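Walk through this model one element at a time. Keep the sequence beside the coordinates as you read.

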Amino acid sequence: SLCYSAAIVCANSFISAGDFKKALEQSSLAVNLARSDGEKESATLLASSVYADSGNLDKAISVLSPYVKASSDFGIYCRYETALLYSRAGKISESDRLFKEIGTRFSSSKYAEESYYRRAELFYSNEKFREAILRFEDYKKNYPKGNYYEGALFYCGDSQRKIGDPRMAMLSYELLLLEYPKSSFAYAASKNLVGLYREDGNYPK
């Protein structure tokens, strides 16, 4: 409807202007004016993003909460977005639980692979390296030709290095450089590998 479209346009304009209060008013209005499921879903996502951008992560999560138990594509996407919001809020276990659910229960979903990777990344970014290693290995096992395989190799190696397991770290870095010599991670992997060789006293000639 025209009223719904006007509310969406106004909400986005207020977002651009940094006026989150008015953006929330308009996005909430759009939810109420929505005539189809598609319109309501779009308005709901917009309202959640406005809350998140304004720093109110708990409210952003609550806006999506009615949908996170649904098995529809939108329900799966709301799980994914909620997992990201939990991550931003520092709620690691909640975020990990949702990412795991997407990756296992909805393995055919287009969000499954990224959710596997995000689980590992979540623990790496929070310096829980042993847990990160397990999840990076899980990703590599399930997606040996995956879109994030290079990143999984590098960050798995980096996690191994940081817990004091240089041998496994060297293997991860070497495998990355062997299989993906032009990777964006190649320089950092080479640099870290040289450092590990020197520490090990086995720097290749």
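In helix 6, Ile-92, Ser-95, Asp-96, Leu-98, Phe-99, Glu-101, Ile-102 and Gly-103 are buried (under 20% relative accessible area; exposed is over 50%, partly exposed in between, with a 1.4 Å probe and protein chains only). This is a predicted model, where local features need pLDDT of at least 70, side-chain atom pairs count only at pLDDT 80 or more, and totals for chains, interfaces and linings use all residues. Residues are numbered from 1 along each chain as its sequence is written, and side-chain values use heavy atoms, leaving out hydrogens and water. Helices are DSSP runs of H or I, at least four residues, numbered from the N terminus.

What do the buried residues of helix 6 pack against? Their partners are helix 5 (73-88), helix 7 (112-125) and helix 8 (129-142), with contact meaning heavy atoms within 4.5 Å.

Ala-23 lies in helix 2 (residues 20-33). Ala-23 has a relative accessible area of 0%, so it is buried. Beyond neighbours within four places in sequence, Ala-23 is in contact with Ala-11, Phe-14, Ile-15 and Val-50.

Now the rings. The structure holds 18 aromatic pairs; rings of Phe, Tyr and Trp (its six-membered ring) pair if their centres lie within 6.5 Å, with planes under 30 degrees apart stacked, over 60 edge-to-face and the rest tilted. Tyr-67 and Phe-74 are edge-to-face because their planes meet at 80 degrees, with ring centres 5.2 Å apart. Tyr-67 is partly exposed at 21% relative accessibility, whereas Phe-74 is buried at 11%.

Methods. Helix = DSSP H or I, 4+ residues; strand = E, 2+ residues; numbered from the N terminus.
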